[in-house]
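Open the model in your viewer and keep the selection tool ready. The tour goes stop by stop.

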Amino acid sequence: MGALITLLSTGCYVGYTPRAPGTAGSLLGLGLVWVLSGPLGLSLPYYLLITGVLFLLGIWVSNRAEPLFGHDGPEIVIDEVTGVLIVFAGMPFDLFTVAAGFILFRVLDIWKPFPCDGMQRLPGGLGVMMDDIVAAVYTYLLLLLTGWFLS
């Protein structure tokens, strides 16, 4: 069971990247967005269902990964993967949206504006996941506003 927890929490070992594992996890998430939206061509309800399942799985996995890596240890990247799925839910997969969404998410995930900072202090896997989820929702809303202003 420990090997499975490590595999899932580190995003198939992407979390062991020596520099910027959160960014590497976000890139993995971006690849997953492309697969779900492009080759698999999932409709938004199925995309959101997978995102929700990954969120719940992330809480469970992160709870079990914390004894290995510490609370929200840098190796745990399932939170970044899930966050990126939220950022691009229903968004066009064009160069501007992908670049802006990726950069905004990374900045907000690192900066942790209110209430992201407090969410990280929630216990266990919920705290691991929720700061990234809030950063992803902020990013999503900023992308929507940007699209609205540019149209």
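Rings of Phe, Tyr and Trp (its six-membered ring) pair if their centres lie within 6.5 Å; planes under 30 degrees apart count as stacked, over 60 as edge-to-face and the rest as tilted. This is a predicted model, where local features need pLDDT of at least 70, side-chain atom pairs count only at pLDDT 80 or more, and totals for chains, interfaces and linings use all residues. Residues are numbered from 1 along each chain as its sequence is written, and side-chain values use heavy atoms, without hydrogens and water.

**Aromatic rings**

Select Tyr13, Tyr16 and Phe69: they form one aromatic cluster. The count of aromatic pairs comes to 4. Tyr13 and Tyr16 are stacked, because their ring centres are 6.2 Å apart and their planes lie at 20 degrees. Next, pick Phe88 and Phe93. Their centres are 6.5 Å apart and their planes at 70 degrees, so this pair is edge-to-face. Phe88 is buried, at 3% relative accessibility, while Phe93 is partly exposed, at 37%. (Buried means under 20% relative accessible area, exposed over 50%, partly exposed in between, with a 1.4 Å probe and protein chains only.)

**Helix H4**

Now select residues 78-87, helix H4. (Helices, H or I, are DSSP runs of at least four residues, numbered from the N terminus.) Here 10 of 10 residues are buried. They pack against H1, H2, H3, H5 and H7.

**Asp132**

Move to Asp132 in helix H7, residues 124-150. Asp132 is in contact (heavy atoms within 4.5 Å) with residues including Asp79, Glu80 and Gly83, leaving aside neighbours within four places in sequence.

Key: Helices (H or I, at least four residues) and strands (E, at least two) are DSSP runs, numbered from the N terminus.
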